[in-house]
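Reader: I am new to reading protein models. Please take me through this one, feature by feature.

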Amino acid sequence: VANVKRMCQNLFQLDVSKQRLFAKPAEEKDIWAAELMEEDLKPINLYITTDETEIIMQELDEKVVAREQEEKERKKREKEEAQSLGLDAVKEAAGADIQAAAKAAAKAASQQDL
């Protein structure tokens, strides 16, 4: 994908960092059905799935890119917070289990003393 972006840079004088590439089968008329070629290091054949495929280049709007990056970071933070809360819940449940076991053991020990 990175090589295709460099070719587009040579052809259209648009810096690689400002390009977004999409791939779609040539017979597909709906441009919105195109798949984003998101990973620059992936081989192109992951996106080219038919004999005739069109590659569409979009010039990125810096504001849109910044907004998408902020959204990605927000989702990452939310996921981390959810995982942290889940881990806290597991720790709390484990602590409650230990306390319940200790109470049960103390109760059993006190009943044996009687």
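**Reading the pocket, the helix and the sheet**

Author: Helix 2 gives the largest share of the lining of the largest pocket, 4 residues. Before we go on, note that this is a predicted model: local features need pLDDT of at least 70, side-chain atom pairs count only at pLDDT 80 or more, and totals for chains, interfaces and linings use all residues. Residues are numbered from 1 along each chain as its sequence is written, and side-chain values use heavy atoms, with hydrogens and water left out.

Reader: What are helices and strands here?

Author: Helices (H or I, at least four residues) and strands (E, at least two) are DSSP runs, numbered from the N terminus.

Reader: How much space lies in the largest pocket?

Author: Rolling a probe the size of a water molecule over the atoms shows where empty space is left. On a 1 Å grid over the protein atoms alone, a pocket is an open set of points where a 1.4 Å probe fits, with protein on both sides within 12 Å along at least five of seven lines; lining residues have an atom within 4 Å of a point. A volume is the space filled by probe spheres set on the points. Here the largest pocket holds about 330 Å³. It has 13 lining residues, and the closest to its centre are R20, L36, E38, E68 and K72. Strand 1 and helix 2 (62-113) are the elements that give two or more residues to that lining.

Reader: Which residues of helix 1 are buried?

Author: Buried means under 20% relative accessible area, exposed over 50%, and partly exposed in between (1.4 Å probe, protein chains only). In helix 1 (residues 2-12), the buried ones are A2, V4, K5 and C8. Seen down the helix axis, they fall within an arc of 155°, so they line one face of helix 1. The arc is that of the directions from the helix axis to the C-beta atoms. The face turned away from the buried side carries the exposed residues N3, M7, N10 and L11.

Reader: Why do residues some places apart point the same way?

Author: An α-helix has 3.6 residues a turn, so residues three or four places apart point the same way.

Reader: What covers the buried residues of helix 1?

Author: The cover includes strand 1 (19-25) and strand 3 (53-59). Take K5 as a case. K5 counts as buried because its relative accessibility is 7%. Contact means heavy atoms within 4.5 Å. Not counting residues up to four places away in sequence, K5 touches V16, Q19, L21 and D40.

Reader: Where is V16?

Author: V16 sits in the loop between helix 1 and strand 1. It is partly exposed, at 22% relative accessible area. Leaving aside neighbours within four places in sequence, V16 contacts K5, R6 and Q9. Q13 is also in the loop between helix 1 and strand 1. Q13 has a positive phi of about 55° although it is not a glycine. At 63% relative accessibility, Q13 counts as exposed.

Reader: How many strands form the sheet, and in what order?

Author: Strands of a sheet pair through backbone hydrogen bonds, either parallel or antiparallel. Two strands pair if DSSP finds at least two bridges between them. Here 3 strands form an open sheet in the order 2-1-3, with antiparallel pairing. Strand 2 (35-36) and strand 3 are the edge strands, each pairing on one side only. Strand 1 and strand 3 pair over 7 bridges. P25 stands opposite T53 in strand 3.
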